Amino acid sequence: MGLIVRVMNMKAKEEGKMEDKRVMDMLKTRLGAEDYQKLSRIDNPELHQFVAKYVELCNPDKVFVCTDSREDIQYVRQEAIRAGEEMELAIEGHTVHFDGYYDQARDKKNTKFLLPPDVDLGADMNVMDRDEGLKEIRGIMQDIMHGRQLYVLFFCLGPLKSQFSIPAVQLTDSGYVAHSEHLLYRSGYEEFVRLGQSARFFKFVHSAGELDGRMTSVRIDKRRVYIDLEDETVYSVNTQYGGNTIGLKKLAMRPAINRASKEGWLTEHMFIMGVHGPSARVTYFAGAFPSLCGKTSTSMIKGEAIIGDDIAYFRNIDGVMRAVNPEKGIFGIIQGVNSEDDPLIWKALHSPGEIIFSNVLITEEKGVYWIGKNEIPPQKGFHHSGEWTPGKRDEEGNEISVSHPNARFTLDMRLIENLDPEIDNPEGVVIGGIIYGGRDSDTKVPVEESFDWVHGVITMGAALESETTAATLGKEGVRKLNPMSNLDFLSIPIGRYIENHLNFGAKLRIQPPIFSVNYFLKGADGKFMNEKTDKAVWLKWMELRSHHEVGAIKTPTGLIPKYEDLKRLFREVLDKEYSEKDYRQQFTVRVAENLAKIQRVMEFYKTKVPDTPQIMFEVLKEQRQRLYLAREKYGNYISPNKLSHFTILA
């Protein structure tokens, strides 16, 4: 029996060697000598087979293998411009890209997980049979790159030589996508060379498909974004919009969340920032906010430091929660960015440096304009709909705005003045607090701390609600539950995702506090109760709370600041007075609204998440009971002054 096994193993090895030789011979034929040499320098047969497979299937006219060299990266940028996918603008280094008119946001309908029959991710997950999906996507990709150039790109999700990081290879025929990823991610060619056959890498295959005269995708009816968790491969075709095509961004979150769930770490839709405290102290916070809820503006607030604005990997290292940003750039929504509220971004967007604008208006002077820019709007220009003047309408009769609501900017964070020096630390940074924030006009107070990790995960993270925005296809302004602002990107059942958070915290020796923030609370007059700049104060208060240096008032839903502390911080941070009247209005406990929220959350988890951990309902019931008791004593609207005797000492 042993002899038979040895013979079979030897036969398998010989067959493997023959296949490797066939693959390398094919690559030598299809690639030029220089590009073949670049690829063969990486000792990884799995990688070679992957590249060969899609060179044969997609059939490009040319293959360019990109290393970490400045010359290779510059070639990609120039090819994007030469092919017409980007156009140069007036400021040095700035370019603009236009997606097709109907290709402007994440296509949730056609973004699907490819799963074998025995895998169930839950009722709300968009899934299809793996074999069926692979057959379809490969059919669509047959010869799809004929007449085009295929870019083979290597990246590292996270700092180089780090236990956090994941190597990744991207195949794309879009110079715009390739250029964008070089701004957003650390080059990883040398990392692949270093790791060789030990690399466990993510794989991404993209084609923009057939293009029109404006170099935008034509076959939108065949737009597909398929995620194969088993093979950790993402396929994206007939689309150019970054959220559907820049594979290492939100698309990479799906396999990363899946891998993290198996290995005991977390992949989150969170920024990482450093908040400066007394005596030059820097405390790092991670925060989850749905789109257009203040996530980027919080992470880039003047006077503080940014490590990342969008995605974070978390690990338990010696009982301490540490994090890295898998990215090094920003693919940010530009709507509303202005000189007053976003001075750091504003300065970068108006200075020389490599920046890609997408779906903004281009003026006659080759400048850019977007919705919410605090300048006089131009009366004509060019954007994703072609020539534009005020009042222009599309085929359905809808008025076309001066730029798309989901227009974007892409840049390397080294263009931002407040970039934190720890961004490339392979050990990551220690997390001193977690922040959850959404759009909420009538319920949550501006800033609040949870009672403990479990209470925070459940009532602030898993219960996070917000209104929908232009970042996804569909109707805007609908309030929806979005656990940890990560619902759209989950690749595991929601109940398991929440359980993972609870388990992760339980194993920490030091649990960072969890906070919620709400920048969108409105008064009876319908106006916002806070200025946009007030978030700087909430951050300073959270920083002090994380070090137990200020007290708090206990309410039925969490811990809120004392007026005296906020009054001092408003004066120190913003040089403005903060009235006790504003404090009372903003930090009033709105009992009826909180009870209604608990009911919505419980209904969601009871009806849509069959694997919800039982502790979720127990914690929500406890909060509901505290609200009932408080209402009996104080009424439906409870001023913080009435609760001041429940002060928690620092």
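Colleague: Which residues is Arg259 in contact with, once its neighbours within four places in sequence are left aside?

Modeller: In this predicted model, Arg259 is in contact with Ile166, Arg200, Phe202, Glu232 and Trp265 when those neighbours are set aside. Arg259 itself is found in helix 9, which covers residues 250-263.

Colleague: Is Arg259 buried or exposed?

Modeller: A residue is called buried when its relative accessible area is under 20%, and Arg259, with a relative accessible area of 7%, is therefore buried.

Colleague: How should I read Tyr189 in the same way, and which residues does Tyr189 touch?

Modeller: Tyr189 lies in helix 7, residues 189-195, and its relative accessibility is 2%, so Tyr189 counts as buried. Not counting residues up to four places away in sequence, Tyr189 touches Lys38, Arg41, Ile42, Cys66, Thr67, Asp68 and Phe154. Val601, by contrast, is 412 residues from Tyr189 in sequence and 45 Å from it in space, taken C-alpha to C-alpha.

Colleague: How many cavities of 30 Å³ or more are there, and what lines the largest cavity?

Modeller: Rolling a probe the size of a water molecule over the atoms shows where empty space is left. Here the count comes to five cavities of 30 Å³ or more, and the largest cavity holds about 110 Å³ of space. Its lining is made by 15 residues, of which Gly438, Lys444, Leu464, Glu465 and Lys597 are the closest to its centre. Strand 25 (429-437), helix 12 (453-461) and strand 29 (514-517) are the elements that each give two or more residues to this lining.

Colleague: How do the residues of that lining divide into nonpolar, polar and charged?

Modeller: The lining of the largest cavity has five nonpolar, five polar and five charged residues.

Conventions: Residues numbered from 1 in each chain as written. Predicted model: local features only at pLDDT ≥ 70, side-chain atom pairs only at ≥ 80, totals over all residues. Heavy atoms only, no water. Helix = DSSP H or I, 4+ residues; strand = E, 2+ residues; numbered from the N terminus. Buried < 20%, exposed > 50% of the residue type's maximum accessible area, 1.4 Å probe, protein only. Contact = heavy atoms within 4.5 Å. 1 Å grid on protein atoms, 1.4 Å probe; cavity = no way out; pocket = protein on both sides within 12 Å on 5 of 7 lines; lining within 4 Å. Points joined across faces, edges and corners; volume = space filled by probe spheres on them. Nonpolar A, V, L, I, M, F, W, Y, C, P; charged D, E, K, R; others polar.
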